[in-house]
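Student: I would like to go through the terms used for this structure and check each one against its cut-off.
Tutor: Then let us take them in turn.

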Amino acid sequence: MSNNKYKILVIEDEANIRNFMETVLESNNYQMICAGSCAMGKTMFLSHTPDLVILDLGLPDEDGLVFLEFVRRDSPVPVIVLSARTDEQDKVTALDMGANDYITKPFGTAELLARVRAALRNCRLSTQTDTLGHLFTLIWQSITISVVSPCPAKTSA
Ligand code: CA
């Protein structure tokens with residue numbers, strides 16, 4: 001079995017959409033990991049370290065934004081938000097919280113694959129050692145630092 005397939009974590013509670021994505025992604029040589037809730041999504045994310053996350057915002061246990069916040073504490077993994085909601089504000093909030101892209105339901109095979117390719121391509125660019133990559137890493141690290149250590153310098157006596 002080939003081990004260099006991209007791993008995509010899909011967090012979606014609707015089985016028919018999960019099945020649709022599984023069929024599409026696996027027939028296009030991606031490895032798909034599924035979760036049906038926010039809690040399961042966190043577990044699967046930590047144990048599988050996926051290359052990309054497709055995240056439904058309307059999950060049964062918690063809002064998908066809770067997962068997004070959890071992931072963005074220490075991971076730059078690309079996240080595509082999936083939502084049936086037509087409310088523009090949900091998409092704006094998700095993008096502001098660190099989502100890379102969004103797909104509005106219902107969506108077709110071609111759009112799903114194009115968004116996945118784009119997200120993985122942008123991510124790959126950011127890890128290359130060109131100017132763009134360094135710039136991205138620098139920005140990302142400064143965000144991480146400002147989030148992880150908001151307190152002033154330690155005073156170890
Ligand atoms: Ca849902």
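**Metal site and sheet**

Tutor: In this predicted model, the calcium ion is coordinated by Asp-13 (OD), Asp-56 (OD) and Gly-58 (O), at 2.2 to 2.4 Å.

Student: What makes these atoms donors of the calcium ion?
Tutor: A donor of Ca lies within 3.2 Å. The donor distances here are 2.2 to 2.4 Å, so the three residues qualify. Water is not among the atoms, so the site may look incomplete. Along the chain the donors follow the spacing D-x42-D-x1-G.

Student: Why is Asp-56 called buried?
Tutor: Buried means under 20% relative accessible area. Asp-56 has 2%, so the term applies.

Student: Why is Gly-58 called partly exposed?
Tutor: Its relative accessible area is 35%. That value falls between 20% and 50%, so Gly-58 is partly exposed.

Student: How do you know that β4 and β5 pair?
Tutor: Pairing requires at least two bridges. Strand β4 (residues 79-83) and β5 have four, in the parallel sense, so they pair. Val-81 stands opposite Tyr-102 in β5.

Student: What makes β2 and β5 edge strands?
Tutor: The open sheet runs β2-β1-β3-β4-β5, with parallel pairing. β2 (31-35) and β5 (101-104) each have a single partner strand, so one side of each lacks a neighbour in the sheet. From one strand to the next, the twist averages 20 degrees.

Student: Which strands does helix α2 touch?
Tutor: Helix α2 (residues 38-48) packs on the sheet and touches β1 (7-11), β2 and β3 (52-56). Its direction makes about 145 degrees with that of β2.

Technical notes: Residues numbered from 1 in each chain as written. Predicted model: local features only at pLDDT ≥ 70, side-chain atom pairs only at ≥ 80, totals over all residues. Heavy atoms only, no water. Helix = DSSP H or I, 4+ residues; strand = E, 2+ residues; numbered from the N terminus. Axes fitted to C-alpha atoms, helices over the stretch in contact; angles between N-to-C directions. Contact = heavy atoms within 4.5 Å. Donors = N, O, S within 2.8 Å, 3.2 Å for Na, K, Ca; no water. Buried < 20%, exposed > 50% of the residue type's maximum accessible area, 1.4 Å probe, protein only.
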